[in-house]
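Open the model in your viewer and keep the selection panel at hand. The tour goes from one selection to the next.

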Amino acid sequence: MLGLDLSTGVDGVVEKIEKLPIDLFAETLQSILVHLQDQNRAVDLIEACDQFQRVGINLDQKAVQDIIKLMTYYFRLAAKSNLSADVLVSKVTECSSKWSKPTLQLVHQLWTEHGALLHAHQEVLTMASIGQLVDIQWKLGMAVSSDTCRSLNSPFISVLMKIADTSGEMSYKSFEMTVQQFQNFYRQFKEMASVLETV
């Protein structure tokens, strides 16, 4: 689910979180919240490791990455589900009993301050989710029977598009076109290409 090292599990990650000074954990959570608001900026793992080492916390990159993954998961879950700070804290404690009260209070406080904004941002992302064309395949066929072809033995173009949605999940869309529809489709793509050349 989270891509965490199963040998340590959630409890192991929480134990590492509890070794962090509360202000350092707050900075880490802030950078995660900024990342979730601005999907183009990732949490800088190297910078986070350096920050930890500057204050004497020696965690390897994998451990720091697990902390970031765990908290990103919880914040993303809360944003998508529009969870209150109280419900988020109860979700966090369901997976591990190793959380300290100050750490949970920090999570509660930051979600109270940023939760509504992140939920609104998540709603916008959901409404404006635009997939990315990964691959397009086509083949020329001959119609034996069809609703759109007027006569049998008419050529048609079959198109299969592979599209990645905003979460990275792949979907496939297929359609068929008559030769005339394909020629119109081709002209429109040629128009788009000529416009792109002027940009």
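How many bridges join strand 1 to strand 2? Select residues 155-164, which form strand 2: 10 bridges join strand 1 to strand 2, and the two run antiparallel. Strands here are DSSP E runs of at least two residues, helices are H or I runs of at least four, and both are numbered from the N terminus.

Before going on, note that this is a predicted model, in which local features need pLDDT of at least 70, side-chain atom pairs count only at pLDDT 80 or more, and totals for chains, interfaces and linings use all residues. Residues are numbered from 1 along each chain as its sequence is written, and side-chain values use heavy atoms, with hydrogens and water left out.

Show the three strands together: they make an open sheet in the order 1-2-3 with antiparallel pairing, where pairing takes at least two DSSP bridges between two strands. Zoom to Gly141, which stands opposite Phe156 in strand 2.

**Helix 7.** Select residues 179-198. This helix lies across strand 2 and strand 3, and runs at about 120 degrees to strand 3. Axes are lines fitted to C-alpha atoms, for helices over the stretch in contact (heavy atoms within 4.5 Å), and angles run from 0 to 180 degrees between N-to-C directions.

**The largest nonpolar core.** Next, select Phe25, Leu29, Leu70, Met71, Phe75 and Trp111, which touch the most other members among the 40 residues of this core. A nonpolar core is a set of buried Ala, Val, Leu, Ile, Met, Phe, Trp, Tyr and Cys residues joined through side-chain atoms within 4.5 Å; buried means under 20% relative accessible area with a 1.4 Å probe, protein chains only. Helix 4 gives the largest share of the core, 10 residues. Centre on Phe75: its partners beyond four places in sequence include Leu29, Leu88, Val107 and Trp111.

**Asp66.** Stay in helix 4 (residues 61-81) and pick Asp66. Asp66 is buried, at 3% relative accessible area. Its side chain makes a polar contact of 2.8 Å with that of Lys62; such a contact is a pair of N or O atoms within 3.5 Å, one able to donate a hydrogen and the other to accept it.

**Whole chain.** Zoom out: the protein has seven helices and three strands, in the pattern α-α-α-α-α-α-β-β-β-α. Of its 199 residues, 34% are buried.

Terms used
Buried < 20%, exposed > 50% of the residue type's maximum accessible area, 1.4 Å probe, protein only.
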